[in-house]
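Biologist: Could you take me through this structure, one question at a time, and give the cut-offs behind each term as you use it?

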Amino acid sequence: MNTPNDRQSGLATSRAHSARVYDYILGGKDHYPVDAEAGDAMARHWPALPVHMMENRRFMHRTAHFLAQERGICQFLDVGTGLPTSPNLHEIVQEVAPESHVVYVDNDPIVLAHARALLQSSPEGATAYVDANMHDPDAILDSPEFRELIDLSRPVGLMVIGIMHFILPPDDRRLIARLLDPLPSGSYLAMTIGTADFAPEEVNRVAQEYRQQGMPFVLRDRATATSLFDGLELQEPGVTQVHSWRPGPEQDGIDGRDIAMYGAVARKP
């Protein structure tokens with residue numbers, strides 16, 4: 001049961017939250033018993049869930065480094081940040097370009113409570129946190145933080161990692177289009193999209209568990225995932241399972257049946 005302080009602060013401790021379930025499954029400490037119970041139920045349905053979630057995170061690491069190192073992007077908008085887990089986006093890109101600016105966006109009170117961990121920028125760069133919901137992209141784009149840190153005369157890296165399976169159609173296309181709309185030509189979208197293509201029985205049971213916990217959840221096949229990048233220029237190797245996108249040594253030996261996420265990077269022409 002929520003305490004009065006929980007209710008006043010917006011912390012729904014009697015109901016599982018996707019960011020806290022993610023934290024629990026990856027061995028973090030920022031969750032409640034209800035999140036642990038949900039995570040345990042999901043892992044019983046699909047024991048590979050921790051591997052899958054870790055590879056989603058590593059995809060973010062590799063795409064961020066790719067955009068900073070190979071495409072020269074030094075300002076990023078990270079929507080659906082989740083709980084801080086080092087290395088965070090700004091740590092990766094500021095290692096390449098210390099002057100990089102990063103705007104993080106989430107609407108979970110626990111993420112907000114930990115936001116200062118996301119604000120430890122390099123002296124040359126800058127980071128900010130926006131408390132906003134992806135379903136309200138105007139609140140993100142009109143925020144003082146976005147307007148102050150993001151220069152729309154230069155390309156931006158839009159990161160949408162690990163949240164599209166919580167966005168039901170037709171909102172998915174509308175929201176991505178709205179976030180991309182003000183970004184200049186030469187900007188990039190890095191995105192992951194949940195799928196049941198490789199372990200349908202197990203992953204669909206996990207999806208059902210999310211829904212029973214009150215979290216909307218949708219899985220997409222490869223054709224549908226690819227269509228979310230329509231109008232953009234996919235970068236090699238295109239839309240792949242996240243562990244197969246420009247893999248490194250950490251991806252050696254991973255079984256594709258353990259990964260239920262497509263990922264890609266695409267350029268705005």
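Modeller: Contact here means heavy atoms within 4.5 Å. This is a predicted model, in which local features need pLDDT of at least 70 and side-chain atom pairs count only at pLDDT 80 or more, while totals for chains, interfaces and linings use all residues. Residues are numbered from 1 along each chain as its sequence is written, and side-chain values use heavy atoms, with hydrogens and water left out.

Biologist: Leaving aside neighbours within four places in sequence, which residues is Leu77 in contact with?

Modeller: Leu77 is one of the residues that touch the most other members of the largest nonpolar core, a set of 36 residues. Such a core joins buried Ala, Val, Leu, Ile, Met, Phe, Trp, Tyr and Cys residues through side-chain atoms within 4.5 Å, where buried means under 20% relative accessible area with a 1.4 Å probe, protein chains only. With those sequence neighbours set aside, the contacts of Leu77 are Val103, Val105, Ile140, Phe146, Val156, Gly157, Leu158, Met159 and Leu179.

Biologist: How many residues does the second, separate core hold?

Modeller: Among the members of this second core are Phe59, Ile161, Ala190 and Val242. The core is separate, and its size is 29 residues.

Biologist: What share of the residues in the protein is buried?

Modeller: The C-alpha atoms fill a box of roughly 45 × 45 × 35 Å along the principal axes. Of the 269 residues in the protein, the buried share is 53%.

Biologist: What percentage of the contacts with a separation of 6 or more joins residues 24 or more positions apart?

Modeller: Counting the contacts in the protein with a separation of 6 or more, residues 24 or more positions apart account for 74%.

Technical notes
Buried < 20%, exposed > 50% of the residue type's maximum accessible area, 1.4 Å probe, protein only.
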